[in-house]
Amino acid sequence: MAENIVINSQEIRKLPAGSAYKAFFVMSAVSQKSDKNGKPYYDVSVADSFGSLEAKVWSDAQWLDKSQAAPASDDDHLPPEKISALVGKTIGVNGKVSDFRGQLQYSFGKITLLNQEKFPPSGYLPHSPISIDELSERFNALASGCGGEAGEFVRKVFAGEFLHKFRDWPAAVSHHHAYANGLLEHTLSVAACAKSMAERMRDSGYDVDVDIVVAGALLHDIGKLDSYSMTTVPNMTVEGALLDHVAQGYAKFCELAEKHALGEKTRVHLGHIILSHHGLREYGSPVVPATPEALIVSSADELDFKIFCWNDSVKNLTDEQPISPWNSSAQRRFWKK
């Protein structure tokens with residue numbers, strides 16, 4: 001592919017080693033490191049509306065500043081101290097694909113800070129592939145169909161500014177659903193899956209409270225509203241890094257339960273689901289699931305995460321390359337079928 005053609009992240013992932021490309025991205029993260037010879041380089045993460053890309057920026061790369069409407073020259077170098085400030089900004093890159101130990105590696109030889117009014121980050125950010133109207137309709141159906149005290153509580157919680165923020169937020173900074181509306185998309189997938197499992201378990205004779213399952217699934221990740229921030233790209237907050245969304249979610253739940261006078265039994269039931277939804281202590285849950293409802297929500301949460309990882313890993317594979325690269329989040333390779 002010719003170097004002067006601007007392409008997106010999905011197309012870049014399909015390029016063979018030796019290819020060159022140009023692209024527009026929003027910078028998600030940048031970290032300075034040193035190679036074995038002591039020369040500085042950068043690990044960067046970038047995103048566009050088609051996905052994300054991890055790349056290397058070696059010590060001989062050019063960093064240019066074209067952010068002004070009328071730049072002084074064609075060679076305005078970006079000072080090193082301003083490189084970290086590129087997070088959340090739209091950039092243009094000239095890059096190459098290479099082979100490193102049998103894996104494709106991406107590098108940027110030129111990174112240009114663009115004029116943010118002409119190239120607004122919002123135009124290049126990933127978002128849920130499902131429209132917000134459809135997501136909202138699904139959410140309303142699940143919330144309105146949830147009965148009992150748990151259902152009443154859910155409908156009181158998800159209202160006003162809380163619901164507005166919940167609709168916009170990412171589900172992660174990386175790994176899965178790390179884009180606008182990602183938290184709503186992930187929560188709905190978990191809740192719908194959990195509801196189906198709960199109904200099947202109930203029909204098989206198990207004592208499962210479907211309303212508690214649905215309410216717990218809708219509430220399980222509310223801590224992410226405080227763990228992440230959503231400006232131009234998803235970012236981890238200080239509290240999110242130090243406290244984690246499980247603990248923050250339980251704290252927020254307790255505050256809301258007190259505000260809306262939630263009954264003690266329902267409070268313990270839903271609080272346990274929030275605290276145990278990661279399934280294992282080594283995965284961040286302070287307790288493991290101890291009820292059928294908590295087991296179901298935890299299983300649905302893990303399944304949605306892994307299916308997302310599968311889809312993200314195989315969507316750009318060709319028929320000649322049916323096995324994905326190693327997915328560090330899911331700790332496996334995936335098959336495209």
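## Burial and overall form

A residue is called buried here when its relative accessible area is under 20%, exposed when that area is over 50%, and partly exposed in between. By that criterion, buried residues make up 46% of the 337 residues in the protein, a figure that refers, like every other value in this report, to a predicted model. The accessible surface of the protein comes to about 17,100 Å², and carbon and sulfur atoms account for 53% of that surface.

The secondary structure consists of ten helices and eight strands. The radius of gyration is 22 Å, which is close to the 20 Å given by the globule rule for 337 residues, so the protein is as compact as a globular protein of that length. Taken along the principal axes, the box filled by the C-alpha atoms is roughly 70 × 45 × 40 Å. Of the contacts with a separation of 6 or more, 57% are accounted for by residues 24 or more positions apart.

## Charged side chains

The protein carries 34 positive and 42 negative side chains, and the centres of these two sets lie 4 Å apart.

## Aromatic pairs and a cluster

Twelve aromatic pairs are present in the structure. One of them joins F24 and F119 in a tilted arrangement, with 5.2 Å from centre to centre and 50 degrees between the planes. Because F24 lies in strand 1 (residues 20-34) while F119 lies in the loop between strand 6 (103-113) and helix 2 (132-144), this pair ties together parts that are 95 residues apart in sequence.

Y42 belongs to strand 2 (residues 40-48) and W63 to strand 4 (residues 62-65), so the pair ties together parts that are 21 residues apart in sequence. Y42 counts as buried, with a relative accessibility of 12%, and W63 likewise counts as buried, with a relative accessibility of 9%.

There is also an aromatic cluster, which is formed by F139, F158, F162 and F166. Two of these residues, F139 and F158, are in contact with L163 when the neighbours of L163 within four places in sequence are left aside.

L163 is found in helix 4, where it is buried with a relative accessible area of 11%. From C-alpha to C-alpha, L163 and S136 are 10.0 Å apart in space, while they are 27 residues apart in sequence. The loop between helix 4 (160-168) and helix 5 (182-203) holds N181, which counts as buried because its relative accessibility is 13%, under the 20% limit. Leaving aside neighbours within four places in sequence, N181 is in contact with H127, S128, I132, L135, R167, D168 and W169.

G148 and A215 are 67 residues apart in sequence, and their C-alpha atoms are 10.0 Å apart in space.

## K33 in strand 1

K33 is found in strand 1 and is partly exposed, with a relative accessible area of 37%. Not counting residues up to four places away in sequence, K33 touches K39, P40, Y41 and D43. For K33 and D43, which are ten residues apart in sequence, the C-alpha to C-alpha distance is 7.3 Å.

## Positive phi angles outside glycine

R101 has a positive phi of about 55 degrees although it is not a glycine. This residue is placed in the loop between strand 5 (90-100) and strand 6, and at 76% relative accessibility R101 counts as exposed.

K337, also a residue other than glycine, has a positive phi near 75 degrees. K337 lies in the segment after helix 10 (292-314) and counts as exposed, since its relative accessibility of 73% is over the 50% limit.

Methods:
Residues numbered from 1 in each chain as written. Predicted model: local features only at pLDDT ≥ 70, side-chain atom pairs only at ≥ 80, totals over all residues. Heavy atoms only, no water. Helix = DSSP H or I, 4+ residues; strand = E, 2+ residues; numbered from the N terminus. Rg over C-alpha atoms; globule rule 2.2 N^0.38 Å. Buried < 20%, exposed > 50% of the residue type's maximum accessible area, 1.4 Å probe, protein only. Contact = heavy atoms within 4.5 Å. Areas by Shrake-Rupley, 256 points an atom, 1.4 Å probe, with all protein chains shown as cover. Lys, Arg positive; Asp, Glu negative; His and termini not counted. Charge placed at Lys NZ, Arg CZ, Asp CG, Glu CD. Phe/Tyr/Trp six-rings, centres within 6.5 Å; stacked < 30°, edge-to-face > 60°.
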